[in-house]
Amino acid sequence: MSSCPRMPISTPKVGEIVRDLAHRTADGEPAEGVYMETLAGLVYLRPAGGGCEWTTMPEHVQRLDHP
C-alpha cells in the first residue's frame, strides 16, 4: 500500500466549481467552492462569491456533473 495521498482521477480546471465532501454548509450539505490549485498534497478552494480560501484533501473533492 502506498503512503502517498490518493489523487482524483482527473484534476479540476482552475476556476471550476467542485464539491468538498469533507466540509459542510450550515444546512449540512457538502460545501462547494472554486478550485484554485493543488499544492503540497492539498487542494485549495474558495467560495464562489469570494471569501477566504480553505484546503481539503484531494480525495474529498468531487467534480460536479453540470458546468
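Here is a short walk through this predicted model, one selection at a time.

**Start with confidence.** Colour the chain by pLDDT. The protein averages 88, and 84% of the residues score at least 70. Now pick out two strands: among the elements of the protein, β4 (residues 54-56) has the highest mean pLDDT, at 98, while β5 (residues 61-63) has the lowest, at 95.

**Next, the core.** Select V18, A31, Y35, V43, L45, W54 and V61, and show their side chains. These 7 residues make up the largest nonpolar core. Two strands, β2 (30-39) and β3 (42-46), each bring at least two residues to this core. In soluble globular proteins, nonpolar side chains tend to be buried together.

**Stay on A31.** Which residues does A31 touch, leaving aside those up to four places away in sequence? Select V18, R19, D20, H23, R24, T25 and W54, and you have them.

**Now the salt bridges.** There are 2 to find. For one, select E16 and R63, whose side chains meet with an N to O distance of 2.9 Å. This pair ties together distant parts of the chain: E16 sits in the segment before β1 (17-24), R63 is in strand β5, and 47 residues separate them. R63 is partly exposed, at 33% relative accessibility.

For the other, go to R19 and E32, where the N to O distance is 3.2 Å. Here strand β1 holds R19 and strand β2 holds E32, 13 residues apart. Buried or exposed, or in between? R19 is partly exposed, with a relative accessible area of 23%, and E32 is partly exposed too, with 39%.

Key. Residues are numbered from 1 along each chain as its sequence is written. This is a predicted model: local features need pLDDT of at least 70, side-chain atom pairs count only at pLDDT 80 or more; totals for chains, interfaces and linings use all residues. Side-chain values use heavy atoms; hydrogens and water are left out. A nonpolar core is a set of buried Ala, Val, Leu, Ile, Met, Phe, Trp, Tyr and Cys residues joined through side-chain atoms within 4.5 Å. Buried means under 20% relative accessible area, exposed over 50%, partly exposed in between (1.4 Å probe, protein chains only). Helices (H or I, at least four residues) and strands (E, at least two) are DSSP runs, numbered from the N terminus. Contact means heavy atoms within 4.5 Å. pLDDT is the predictor's confidence in each residue, from 0 to 100. A salt bridge is a side-chain nitrogen of Lys or Arg within 4 Å of a carboxyl oxygen of Asp or Glu.
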